[in-house]
Amino acid sequence: MLFAFVKIADEMAEGETVHFDEAVLLALRQPGDLARPVGPWWLEAAMVDITALGGWTVLTLLTVVVLAYLAITARRGAAALVLAAVAGGALLSSALKVGFARPRPELVDHLVNVSSASFPSGHAMLSAATYLTLGALLARTESRRSVRALIFGVGVVLTLVIGVSRVYLGVHYPTDVLAGWCLGASWALMCWLVARWLRPRGDETDAAAAEPG
């Protein structure tokens with residue numbers, strides 16, 4: 001996934017992704033009226049609601065609640081993992097946006113307000129880092145494989161639909177989202193691996209909480 005991010009970033013910087021990006025954005029708009037997305041009215045409303053699940057407000061509230069719960073239950077390793085995954089991912093995303101400084105799409109109208117640079121998608125990256133990490137932590141509380149798969153699957157689905165919503169709403173190119181997914185998942189996995197390496201020997205509570213599956 002990290003290799004995929006580097007490859008996407010390189011192709012984007014060289015302008016090799018322009019035709020693909022523009023073709024996808026145009027395919028999601030009404031022919032002759034680029035201000036209107038394809039599909040019924042409720043789909044646009046649903047996408048606006050879904051995209052908020054990857055925004056700063058929702059992710060911050062969710063992270064604070066989870067950290068408070070982990071602190072009360074004395075799960076230090078799990079709390080450190082969540083904090084590293086979310087806060088570290090946010091800092092990395094912001095730094096990369098400044099570094100690449102890719103402008104937002106101008107080909108179609110934006111259906112939600114945006115202000116930062118476009119590459120990589122912060123919503124895609126942070127939703128991957130946050131929901132995959134939380135999905136892994138929750139999945140560890142279940143002994144049944146089917147329930148664990150369902151919990152982690154929900155995290156994956158949330159990550160995917162949030163990224164799709166950014167392209168549908170015209171505020172990101174598809175390659176922004178693909179890069180965000182790749183880097184966010186890579187960051188979450190790196191945090192899991194570091195948490196396992198740093199945990200004290202015999203700390204089974206934190207060990208179980210820090211493992212992804």
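Predicted model: local features only at pLDDT ≥ 70, side-chain atom pairs only at ≥ 80, totals over all residues.
Colleague: Why is the contact between Lys 7 and Glu 11 called a salt bridge?

Modeller: The test asks for a side-chain nitrogen of Lys or Arg within 4 Å of a carboxyl oxygen of Asp or Glu. Lys 7 and Glu 11 meet at 3.6 Å, N to O, so the pair qualifies under the 4 Å limit.

Colleague: Are Lys 7 and Glu 11 buried, exposed or partly exposed, and how do you know?

Modeller: Buried means under 20% relative accessible area and exposed means over 50%, with partly exposed in between. Lys 7 has 44%, so Lys 7 is partly exposed. Glu 11 has 23%, so Glu 11 is partly exposed too.

Colleague: How many salt bridges does a search of the whole structure find?

Modeller: Three. Besides Lys 7 with Glu 11, there is Arg 102 with Asp 21 at 2.9 Å, N to O. Arg 102 lies in the loop between helix H5 (76-100) and helix H6 (122-139), and Asp 21 lies in helix H2 (residues 18-27), so this pair ties together parts that are 81 residues apart in sequence. Then there is Asp 176 with Arg 102, at 2.7 Å, N to O. That pair also links distant parts of the chain, as Asp 176 is in helix H8 (residues 174-198) and Arg 102 is in the loop between H5 and H6, 74 residues apart.

Colleague: What makes Asp 21, Arg 102 and Asp 176 one network?

Modeller: Their salt bridges share partners, and that joins Asp 21, Arg 102 and Asp 176.

Colleague: Why do you call Asp 176 and Arg 102 buried?

Modeller: The cut-off for buried is under 20% relative accessible area. Asp 176 has 0%, so Asp 176 counts as buried. Arg 102 has 10%, so Arg 102 counts as buried as well. Asp 21 is likewise buried.

Colleague: Let's turn to the helix packing. How do you know whether H5 and H6 are roughly parallel or roughly antiparallel?

Modeller: The axes of H5 and H6 come within 9 Å and cross at roughly 170°. Angles over 145 degrees count as roughly antiparallel, and H5 and H6 are therefore roughly antiparallel to each other. The residues making the contact include Leu 81, Val 82 and Val 86 of H5, and Met 125, Leu 126 and Leu 137 of H6.

Colleague: What is the make-up of that contact by class?

Modeller: The contact of H5 with H6 has 12 nonpolar, five polar and one charged residues.

Colleague: What makes S1 and S2 a strand pair?

Modeller: Pairing needs at least two bridges, and two bridges join S1 (residues 29-30) to S2 (residues 33-37), which run antiparallel. Gln 30 has Asp 33 as its bridge partner in S2. The two strands form a hairpin with two residues between them, and Gly 32 in the turn has a positive phi of about 85°.

Colleague: Which residues other than glycine have a positive phi?

Modeller: Among them are Ala 74, with a phi of about 60°, and Ala 101, with a phi near 50°. Most residues other than glycine have a negative phi. Ala 74 lies in the loop between helix H4 (56-72) and H5, while Ala 101 lies in the loop between H5 and H6. Ala 74 has a relative accessible area of 48%, so Ala 74 is partly exposed.

Colleague: How do you know that the peptide bond between Phe 119 and Pro 120 is cis?

Modeller: Look at omega: the bond joining Phe 119 and Pro 120 is cis, with omega at about -10°. Most peptide bonds are trans. Pro 120 lies in the loop between H5 and H6.

How values were computed: Residues numbered from 1 in each chain as written. Heavy atoms only, no water. Helix = DSSP H or I, 4+ residues; strand = E, 2+ residues; numbered from the N terminus. Buried < 20%, exposed > 50% of the residue type's maximum accessible area, 1.4 Å probe, protein only. Axes fitted to C-alpha atoms, helices over the stretch in contact; angles between N-to-C directions. Parallel < 35°, antiparallel > 145°, perpendicular 65-115°, else oblique. Contact = heavy atoms within 4.5 Å. Nonpolar A, V, L, I, M, F, W, Y, C, P; charged D, E, K, R; others polar.
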